[in-house]
Amino acid sequence: MSANRLYFIDAVRAFAILMMLQGHFIDTLLEPSYRNHSYTAFKVWEYLRGITAPTFFTISGLIFSYLLIRAKQNGTIKKRMQKGLMRGFMLIGIGYLLRAPIFEWLTGKFSSYFLVIDVLQCIGLSLILIVFIYRLALKKTLLFSIVMLLLGLAIFITEPLYRYLELPEIPVVFSNYFSKANGSIFTIIPWFGYVAFGAFIATLFYRYVERPKFKIAIVSSFFVFGIAFIFGSSELLMKLYYVLDFSILKEVAYYNYLFTRLGNVLILFSLFYLAENYIKQPLILKIGQKTLSIYVIHFIIIYGSFTGLGLHQLIGRTLEPWQAVIGAILFLSVVCFISFYYAKTNEFVYYNLQKIIDKIKKYTR
């Protein structure tokens, strides 16, 4: 992305990961009596927290697809697709590893809870799906763009069909990707919908980013469509229901969190892209480029991965609001510091995966 680097992407990623960190910290440690919608501060915090995951998935689809499409132009598409698949499987593996109760296993206790799906597995599988869809689209940007837009719309509109999905006949390791019945936090549907919309937006940047008036056009479009999704999508769905008489449209309109959150994401994109020249700061960009390391470190500290001893177990939900706010600021600072100066998650995993792949190629020749 050196020639036409989209700096606002790193800024959005930084915002999303920091919001995720403070959200997990406060949600895990805030005393339950303060989780009350009569408190304005809690209502605002909860609403902003609800934007975090949609932003993270959408920006992931945008950046990955943008790099994938540009790789074709640069003649490195094969390498980029292989790297994308590797990264997808790496994220899935790390996602499982973070929940692996190693000490319980050593004592002979085995539980299927570590098979629940969280954000890393969901994003990892999404990246793998993007690679395959791009390949099936014959690496044609226009076709890929249309497919991803339609796929995102289809996933959002059919949400009532899988809202309470249970798949008892399918092994848990697979069903957890589609059903929350066993405790999965994220499932590939509907969350791949946000990734698909991010991929669609990536095609717009690829085609038009060098045009003189593109920035003002895309910023305006983000803002207008964002407002429309937030305040008008339910009404539009109801009008379509009256015309087409598809009951599913009515169900989506009555529980329209997916399109509403997409509107929030678009508004966020418009603000960040508009202010790109002002937020293009080294610290912000570095945070945006270290999201995986930051996520892994924060998960270990809060939830006690591997050891079973984290802030969740040691402190629990005992903090007063002022303690939670100060604690969250300190927590973000410590996690980012460790990530910047001590953690090498990406480099370490990529290096060892590449060594394994090279050995496999060597012995299969």
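# A guided tour of the model

Select Phe205 and Phe214: both residues are buried. Buried means under 20% relative accessible area, exposed over 50%, and partly exposed in between, using a 1.4 Å probe and protein chains only.

Before moving on, note that this is a predicted model, where local features need pLDDT of at least 70, side-chain atom pairs count only at pLDDT 80 or more, and totals for chains, interfaces and linings use all residues. Residues are numbered from 1 along each chain as its sequence is written, and side-chain values use heavy atoms, with hydrogens and water left out.

**Stop 1: aromatic rings**

Rings of Phe, Tyr and Trp (its six-membered ring) pair if their centres lie within 6.5 Å; planes under 30 degrees apart count as stacked, over 60 as edge-to-face and the rest as tilted. By this rule the model has 24 aromatic pairs. Stay on Phe205 and Phe214. Their rings form an edge-to-face pair, 5.2 Å centre to centre, with 75° between the planes.

Now select Tyr255 and Tyr257. Their ring centres are 4.9 Å apart and the planes meet at 55°, so this pair is tilted. Tyr255 has 45% relative accessibility and counts as partly exposed. Tyr257 is also partly exposed, at 29%.

Next, select Phe57, Phe156, Phe186, Trp191, Tyr194, Phe197, Phe229 and Phe259 together. Ring pairs link these residues into a cluster.

**Stop 2**

Helices (H or I, at least four residues) and strands (E, at least two) are DSSP runs, numbered from the N terminus. Two packed helices are described by the angle between their axes and the distance between the axes. Axes are lines fitted to C-alpha atoms, for helices over the stretch in contact, and angles run from 0 to 180 degrees between N-to-C directions.

Select α10 (residues 214-244) and α12 (residues 257-274). They pack at about 160°, with axes 8 Å apart. Angles under 35 degrees count as roughly parallel, over 145 as roughly antiparallel, 65 to 115 as roughly perpendicular and the rest as oblique. The two helices are therefore roughly antiparallel.

Look along the crossing. A crossing is left-handed if the near helix is turned anticlockwise from the far one by less than a right angle, and right-handed if clockwise. The crossing of α10 and α12 is left-handed. By class, their contact has 17 nonpolar, six polar and one charged residues. Here Ala, Val, Leu, Ile, Met, Phe, Trp, Tyr, Cys and Pro count as nonpolar, Asp, Glu, Lys and Arg as charged, and the others, Gly among them, as polar.

**Stop 3: α15 against α17**

Select α15 (residues 291-303) and α17 (residues 321-341). Their packing angle is about 125°, and their axes are 9 Å apart. That makes α15 oblique to α17. Their crossing is right-handed.

Show side chains next. From α15, the contact uses Ser293, Ile294, Ile297, His298, Ile301 and Ile302; from α17, Phe331, Val335, Cys336, Ile338 and Ser339. By class, this contact has eight nonpolar, three polar and no charged residues. Contact means heavy atoms within 4.5 Å.

Zoom in on Ser339, in α17. Ser339 is buried, with 0% relative accessible area. Leaving aside neighbours within four places in sequence, Ser339 is in contact with Lys290, Ser293, Ile294 and Ile297.

Then pick Thr291, in α15. Thr291 counts as buried at 8% relative accessibility. With neighbours within four places in sequence set aside, Thr291 is in contact with Arg13, Ile17 and Phe56.

Stay on α17 and select Trp322, which lies in this helix. Trp322 counts as exposed, at 57% relative accessibility. Trp322 and Tyr96 lie 34 Å apart, C-alpha to C-alpha, and 226 residues apart in sequence.

**Stop 4: backbone details**

Go to the peptide bond from Ile189 to Pro190. This bond is cis, with omega near 15°. Pro190 lies in helix α9 (residues 188-208).

Next, select Lys139, in the loop between α5 (119-136) and α6 (141-157). Its phi is near 60°, a positive value in a residue other than glycine. Lys139 is partly exposed, with a relative accessible area of 24%.

Finish at Asp245, in the loop between α10 and α11 (247-254). Asp245 is not a glycine, yet its phi is positive, about 60°. Asp245 is exposed, with a relative accessible area of 58%.
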